[in-house]
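We'll go from the overall fold to the core, then out to a loop.

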Amino acid sequence: MTSSDPVGTSGFNYKDRWNDGYFPHANADYSSATYILRTPASGNSFNFGAKSLTLTNPTVNTGLFYTGTGSTGVTTFNNLILSGGWIDHRSPNNLANVFQLDGRLTVASSSNIRALDGEINILADVSGAGTLTIHPTNAGRENNRYVRLLSSNNDFTGTILNNSRFELANGANFVVGPVLNPE
């Protein structure tokens, strides 16, 4: 990306924010760098048409922002790679909006997810060995929004640090390791 998506727009359907000047397309690898990629502000399903998107910036308020509406639309990535980046639910008009993320999610290094303005259902197959931190919202009493891992086809071997609400669905097929003692 060459700049962040302004509120109300999305790099899914605006080509001027990609360094190759095209819409996300097959066989192309993209990175959000230090910018914000917003999903379309719609209740429809969308497919990020590129081979991959890598989220790299560890700074909050960068990375992938879900700005859709409703609870039935699905946002699909062929391979969404978390390499230090953020996934954030940013659909503040209605807390009933659910981010449904499908395709493939690779946790390459320590990265972050936050269900700031609604729940996140990760339907995507999860792989990688990085640390995935589930962050709380900005308001303590609003930390009732879940991040859910729902896929039954995962080979993730990393660590999940849950600082908010996390749910592993029945049949999600993850190996649960030992409880880490911080002492």
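Predicted model: local features only at pLDDT ≥ 70, side-chain atom pairs only at ≥ 80, totals over all residues.

**A walk through the fold**

Thr157 is found in the loop between strand S13 (146-149) and strand S14 (159-162). Is Thr157 buried or exposed? Its relative accessibility is 62%, so Thr157 counts as exposed, the cut-off being over 50%. Along the chain, Thr157 and Gly130 are 27 residues apart, yet their C-alpha atoms are 7.8 Å apart in space.

Now zoom out. The protein has 15 strands and zero helices. Of its 183 residues, 47% are buried. The accessible surface comes to about 8,700 Å², and carbon and sulfur atoms account for 48% of that. Take the contacts between residues at least 6 apart in sequence: 61% of them join residues at least 24 apart.

How are the strands arranged? Six of them form an open sheet with parallel pairing, in the order S2-S5-S7-S9-S12-S14. At the edges sit strand S2 (36-38) and S14, each of which pairs on one side only. Going from one strand to the next, the twist averages 20°. For a look at one pairing in this sheet, find strand S7 (residues 86-89) and strand S9 (residues 111-114): they run parallel and are joined by three bridges. Ile87 stands opposite Ile113 in S9.

The largest nonpolar core has 31 residues, and the ones touching the most other members are Phe48, Leu53, Leu80, Ile87 and Ile122. Several strands each supply at least two residues of this core, among them strand S4 (52-55), strand S6 (75-83), strand S10 (120-122) and S13. The strand that gives the most is S8, with four residues.

Leaving aside neighbours within four places in sequence, its contacts include Phe12, Trp18, Tyr30, Leu53 and Phe77. Some of those names come back when you look at the aromatic rings. Ring pairs link Phe12, Trp18, Tyr30, Phe48 and Phe77 into a cluster.

The structure holds seven aromatic pairs. One of them is formed by Phe12 and Phe77, with 5.9 Å from centre to centre and 80° between the planes, an edge-to-face arrangement. This pair links distant parts of the chain: Phe12 belongs to the segment before strand S1 (29-31) and Phe77 to strand S6, 65 residues apart. Both Phe12 and Phe77 are buried.

What about Trp18 and Phe48? Their ring centres are 5.8 Å apart and their planes lie at 65°, so this pair is edge-to-face, the cut-off being over 60 degrees. Here too, distant parts of the chain are linked: Trp18 is in the segment before S1, while Phe48 is in strand S3 (residues 46-48), 30 residues apart. Trp18 is buried, and Phe48 is buried as well.

To put the picture together, go back to the view you started with. Phe48 is in the aromatic cluster, and Phe48 is also among the core residues touching the most other members. Thr157, by contrast, is exposed, in the loop that leads from S13 to S14.

Definitions and conventions:
Residues numbered from 1 in each chain as written. Heavy atoms only, no water. Buried < 20%, exposed > 50% of the residue type's maximum accessible area, 1.4 Å probe, protein only. Core = buried A, V, L, I, M, F, W, Y, C linked by side-chain atoms within 4.5 Å. Contact = heavy atoms within 4.5 Å. Phe/Tyr/Trp six-rings, centres within 6.5 Å; stacked < 30°, edge-to-face > 60°. Areas by Shrake-Rupley, 256 points an atom, 1.4 Å probe, with all protein chains shown as cover. Pairing = 2+ DSSP bridges. Axes fitted to C-alpha atoms, helices over the stretch in contact; angles between N-to-C directions.
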